[in-house]
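The structure comes before the text.

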There are 2 protein chains.
Amino acid sequence: MKDLLLAIDIGGTQFRLALISDREMVARVRRATEREGGASWMIRQIIDEGRRLLTEASAPVKACGIGFGGPVDFHNQRIVRSHHVSGWEDVALPDVLREAFGIPCIVDNDANAAALGEFHYGAGQGATHMVYYTVSTGIGGGIVLDGRLYRGKRGRAGEVGHTPIFADSDVICSCGNKGCLEAYCSGLSIARRAREALKEANRLSAAENVTTARDVFSAAGSDPLMKRIVDDTAKYLGASIGGLHNLLDLDVVVIGGGVSQAGEWFIEAVERSARSFMLDPDEHGPQIVASSLGDDSVLWGAARLTQELRRE
Amino acid sequence: MKDLLLAIDIGGTQFRLALISDREMVARVRRATEREGGASWMIRQIIDEGRRLLTEASAPVKACGIGFGGPVDFHNQRIVRSHHVSGWEDVALPDVLREAFGIPCIVDNDANAAALGEFHYGAGQGATHMVYYTVSTGIGGGIVLDGRLYRGKRGRAGEVGHTPIFADSDVICSCGNKGCLEAYCSGLSIARRAREALKEANRLSAAENVTTARDVFSAAGSDPLMKRIVDDTAKYLGASIGGLHNLLDLDVVVIGGGVSQAGEWFIEAVERSARSFMLDPDEHGPQIVASSLGDDSVLWGAARLTQELRRE
């Protein structure tokens, strides 16, 4: 009977808990976030659900790892804030859960956790130098170098969505800066660019019908204008990935998040673009592949994160 | 009497050798490259000058480090090629010099060596995570993470000049790709952009007089058009640096090479731009500073490189 780990994924619209044994997820729960309840409501729910899982566990649960949807001060093991739910400012979540569960706990942001998950259990297995992109509402990422998550000076490394791809752009990103990859290629930005292009073409009612990136991808098969938006998205993502490879000389780039689910043809278009920006692409790579764990990458990575408890 | 190290800097127009003791350069020679002589001529010269230094040395010379101006296969300790001098293809230079000098030798590309030099002896001292840019004819770089030079899968990491800053540019870089930082901000590119702007303004004779970036910087004090070229250069370099900080969460960025010598005001303009692209610039940095070792950063770094011999 193998020891278990408790993995927690705290996102803006839902939170999830799972018990993980070696390479198997043996139990899981998912709850919708009630934003008005704020952090304290969420923490109570997490403690309730976590205790239930611990009680029902068929083997000892040794530790708890948490992937959090927002900036985390990893060195001090505190949540900085949530972009979605109030009350998370400067919360020492691992301390709170250690007291509630009686096991050691560790937290990192969800993109770092997802990168760890893909690296050890998903599409990045076997790599040494990997970058993970999550392209959904926004664009986040995590960087694994020499087999270890790279966090940088303040634990804030990996923000692949906030490298400028247009150095004198006037397009303002969600972060307030201009020209970031996220300002062009996040789900929200793809939909915005599509609406802008449709309005410019005087197709106002079509513009009104575009609310998500999914609408744009669906229309791209029959609408040349939407096809161009998708092609540009692949080109820009490829520019970011190609440049990052020239910087970091990678084995593999893993793309997760909703936009990566558009289909294999989209990942291939991103790869073609990326290779056109690489100094010396060769048959050895880097490979550019879709996430293989999908929504579960954060949970797997959160479990893996507990290995870093031993180093503390 | 302290042990000495032999440091060699092999560039396109000159090569230099030095004896280095602890934090002191105790002897040095510099020779112009005769391109027509090719690699074999250069290697003979390096062996002659190196033997002379070894003979005259006042203490035992323990090892030799080499910074080479072109791609190096670090893992296999071979020169890939020179961009300037023929005959360097796949040369196992450390083997050749080990035989000639009777001491262990190690080679890396000159940008990596310069990064090591600045990190340990120059403007990067005290940092943990540093990126070095050398902005001269081209743009090269080196990345130090967690106190160690980061080389990536094939030893080709650090190409800060070849990240796209315009993702759908038609401007072709020296590398053959489009939109790279180097295609806008290298010395050659600054001069080209200035000539293009002058021609567009119908100032043809002024355009003919611009041959180097130095001409552009000199004219910027009195010519608004040249001032705009310089301002854009600072903006684009800042975009690259700001984006890199969001990726790698750095303590310090060191800028070397001829263009960095334009003056403190230029470094400050680059810093202002860089901060406008950072997610969360704060009083802790990253600092953006000019190289403090100037032309000697490669020699200092080459000496430091010998510490990696012990790991082999």
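Two residues are in contact if their C-beta atoms, placed from the backbone, lie within 7 Å. Helices (H or I, at least four residues) and strands (E, at least two) are DSSP runs numbered from the N terminus. This is a predicted model, in which local features need pLDDT of at least 70, side-chain atom pairs count only at pLDDT 80 or more, and totals for chains, interfaces and linings use all residues. Residues are numbered from 1 along each chain as its sequence is written, and chains are lettered from A and ligands numbered from 1 in the order in which they are written.

A residue is buried if 20 or more other C-beta atoms lie within 10 Å of its own, exposed if 12 or fewer, and partly exposed in between. In helix 9 of chain B, the buried residues are F266(B), V270(B), E271(B), S273(B) and A274(B). Down the helix axis they fall within an arc of 165° (taken from the directions from the axis to the C-beta atoms), so they line one face of helix 9 of chain B. These buried residues pack against helix 8 (224–248), strand 11 (252–256) and strand 12 (287–290) of chain B. Exposed E264(B), W265(B) and E268(B) sit on the face turned away from the buried side.

Strand 9 (residues 139–145) of chain B has 7 of its 7 residues buried. Strands pair if DSSP finds at least two bridges between them.

| Partner of strand 9 of chain B | Sense | Bridges |
|---|---|---|
| Strand 8 (residues 130–135) of chain B | antiparallel | 6 bridges |
| Strand 10 (residues 148–149) of chain B | antiparallel | 2 bridges |
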